[in-house]
2 protein chains.
Amino acid sequence: MVRALSGKEIVTTEDELLAAIRKVLSAEDPGVIVPIGDDAAVVDPGGHHTVLTVDTLVDGVHFDRSVAGAHDIGFKAVTVNVSDVAAMGGSPRYGLVALALPPDVELAWVMELYGGMRQAADQYALSLVGGDTVRSDRVVVSVTVMGRVAEGRAARRSGARPGDALVVTGALGGAAGGLRIIRSDPAQGARMAGTDWGRELLSAQLRPMARVGEAETLVQAGTSAMMDISDGLALDLWRMCTASGVGARVVLDQVPVDPALGPLADAEGIDPLELALHGGEDYELLAALPPEAVEDAAAKIKERFGTTLASIGAVTERGFMAVGSDGRERPLEPRGWDHFA
Amino acid sequence: MVRALSGKEIVTTEDELLAAIRKVLSAEDPGVIVPIGDDAAVVDPGGHHTVLTVDTLVDGVHFDRSVAGAHDIGFKAVTVNVSDVAAMGGSPRYGLVALALPPDVELAWVMELYGGMRQAADQYALSLVGGDTVRSDRVVVSVTVMGRVAEGRAARRSGARPGDALVVTGALGGAAGGLRIIRSDPAQGARMAGTDWGRELLSAQLRPMARVGEAETLVQAGTSAMMDISDGLALDLWRMCTASGVGARVVLDQVPVDPALGPLADAEGIDPLELALHGGEDYELLAALPPEAVEDAAAKIKERFGTTLASIGAVTERGFMAVGSDGRERPLEPRGWDHFA
């Protein structure tokens, strides 16, 4: 976390910052079922358990007002939180919006932003029940979502067991591909944005979907650990393994790479697998399941939601390895999207 | 809300922005007991009601890192949210912290910030159970607090009835006086900060306290409407009257003005009553009570918490008036602290 720079400590990575914060905040509270360190907090308000999560999007860091429309930004701000609640096995119920606005933002932009949040809220059966608006010199959208989960049914990231299969919903790398298009030079970007695959990648980046029903199905299938893939498969899987005290072996040929990345690879010379492993912002689910439960869960998720469930490897006792097409094992780098890096 | 400026609509006041946002977000949800527009949201998660609120502090707007210590900023960030939960008649239980940090912030500063939040959380019997940290170019601290309130016991701001007495806890204007010291020229500011009254005013600004127990006592006393005074007595009372569809008559001589403002008035030529009415950030409670309940509530609040409860006037059918020492009624200006003004 800390880098010596003229004698001062500077915050450098999010995970290390979080570890430091946890030390300050760790508390003995019998009402806290899952404390800081998972996708969301679970607290016991009595009859059932409540899921609480917050995620912040900052202009220039998580989105770019000159590229993303206000409606999409709002939709995404809600979606990323719903994804966290879903990844705990919970149902989203209520949301709060804290919005910081520079003086020059037009009212129409703000209304479009809330319109996008409202659309996402309706889609995920969530009520936005409050919030706060403040002045700042840049747009900061911070959304809190509270959800419900049946007592004892919260899907933590710490329960993965050696022998479990590792599964992933949907396809990976598309959101990172879309970011690549946004950040390419304007003429080339416009060309790519005009293609079907370019639009798909941009949509993956600007309009991700949360996997609420899929998560519920995975919980019913007996998932031992689950989380959403917000910072890249490799980094998030590494976090799951660390929390569970286990290792993992990923078969690279089985990682579901977004097919729209093929044309981007031709145009930009990128490696689709690199984006799928380390790109981040896909908001797909990563889960550990008993191997015998995978086939049935995949069939149900396909039938109910049209979403594929890919088996990408297995939980192991230790080590963090990738198996290449040559059949050889190599260490998998736990590298991904880190706002603080 | 909107100002014609080169044909664009610009957001100008917080209340008008909120009114516009409410239109976009209004939802029919039987689980939402109190929607957007009160101190906090109340939602029904089944067996009991949950209070949810979020407040954001922005460096340069709500605090100044060159003046306020990180510990105080953290303490205040939690306190202002607890104050909102208390003002609903709820008990704070769980908190989430969303923190945006510029790259140059020292780790020690961040830890002090969380230390301050932790101290406030402990004081208010609140568990900080999660959050989010992101990069930005200025410090933004957004705290969400969830609390409990017994079914049917939430103290809204919309229940004030003509004939009710208006009561206020503690003393008003101190926080605005502290801000005045912070914003005065450095030499003069340092002189004032060295006095007892200067320290008291600075403490009111930098270290406000939430009135949790006092709020509970007021609910037990049968309060018909309650809110915290975050934006100044006049503006917040006006909000209560608007929400309740009533008027108010405030007896200016009975408004509890912070006694530490006397010396500040001598030094700076300010009007203490002006700060008490329109200054904001006091986080005292404003409540409407049946007149016959005031004496007993005041005695209990004094005995239990050492806090005074002042009767400052009455709820009326209509009009928004102040009675001066000359016995004359004049209109009271609903003016206060507005980050968007």
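## Cysteines

B:Cys241 has a relative accessibility of 6% and so counts as buried (buried is under 20% relative accessible area, exposed over 50%, partly exposed in between, with a 1.4 Å probe and protein chains only). A:Cys241 is buried as well, at 5% relative accessible area.

## Model and confidence

This is a predicted model, in which local features need pLDDT of at least 70 and side-chain atom pairs count only at pLDDT 80 or more, while totals for chains, interfaces and linings use all residues. Residues are numbered from 1 along each chain as its sequence is written, chains are lettered from A and ligands numbered from 1 in the order in which they are written, and side-chain values use heavy atoms, with hydrogens and water left out.

The predictor assigns the complex an ipTM of 0.84 and a pTM of 0.87. Chain A has a mean pLDDT of 86, with 85% of its residues at 70 or more (pLDDT is the predictor's confidence in each residue, from 0 to 100). Residues 1–7 of chain A have pLDDT below 50. Beyond near neighbours in sequence, that stretch has 17 contacts in the model (contact means heavy atoms within 4.5 Å). Where pLDDT is low, the predicted coordinates should not be read in detail.

## Helix α3 of chain A

Helix α3 of chain A covers residues 107–123 (helices, H or I with at least four residues, and strands, E with at least two, are DSSP runs numbered from the N terminus). Its 17 residues should span 24 Å at 1.5 Å a residue (the expected span is 1.5 Å times one less than the number of residues). The end C-alpha atoms are 24 Å apart, which agrees.

The buried residues of α3(A) include A:Leu107, A:Trp109, A:Val110, A:Met111 and A:Tyr114. Also among them are A:Gly116, A:Met117, A:Ala120 and A:Ala121.

## Aromatic pairs

The structure holds two aromatic pairs over all chains (rings of Phe, Tyr and Trp, the last by its six-membered ring, pair if their centres lie within 6.5 Å; planes under 30 degrees apart count as stacked, over 60 as edge-to-face and the rest as tilted). A:Phe75 and A:Tyr124 make a tilted pair, 6.4 Å centre to centre with 55° between the planes. A:Phe75 sits in helix α2 (residues 70–87) of chain A, and A:Tyr124 in the loop between α3 and β5 (127–135). The pair links parts of the chain 49 residues apart. Both A:Phe75 and A:Tyr124 are buried.

B:Phe75 and B:Tyr124 also form a tilted pair, at 6.4 Å centre to centre and 50° between the planes. B:Phe75 lies in helix α2 and B:Tyr124 in the loop between α3 and β5 of chain B, so the pair ties together parts that are 49 residues apart in sequence. B:Phe75 is buried at 1% relative accessibility. B:Tyr124 is buried at 8%.

## Positive phi in chain A

Most residues other than glycine have a negative phi. A:Ala125 has a positive phi of about 60° although it is not a glycine. A:Ala125 is exposed, at 52% relative accessible area.

A:Tyr283 has a positive phi too, near 55°. A:Tyr283 is in the loop between α10 (272–278) and β10 (284–289) of chain A. A:Tyr283 is buried, at 8% relative accessible area.

## Strands of chain B

Strand β3 of chain B (residues 49–58) is mostly covered, with ten of its ten residues buried. In a regular strand the side chains alternate between the two faces of the sheet. B:His49, B:Val51, B:Thr53, B:Asp55 and B:Leu57 point one way from β3(B). B:Thr50, B:Leu52, B:Val54, B:Thr56 and B:Val58 point the other way. β3(B) pairs with strand β6 (residues 140–149) in the antiparallel sense, over ten bridges (two strands pair if DSSP finds at least two bridges between them). B:Thr50 has B:Arg148 as its bridge partner in β6(B).

Strand β9 of chain B (residues 247–251) runs antiparallel to β11 (residues 309–316), joined by four bridges. B:Ala248 stands opposite B:Val315 there. β9(B) also pairs with β12 (residues 320–323), in the parallel sense over four bridges. B:Arg249 has B:Met321 as its bridge partner in β12(B).

## Around A:Val255

A:Val255 is in the loop between β9 (247–251) and α9 (261–268) of chain A. A:Val255 counts as buried at 5% relative accessibility. Leaving out residues up to four places away in sequence, A:Val255 touches A:Leu172, A:Leu233, A:Val250, A:Leu273, A:Ala276, A:Leu277 and A:Ile312. A:Val255 and A:Ile312 are 57 residues apart in sequence, with their C-alpha atoms 5.5 Å apart in space.
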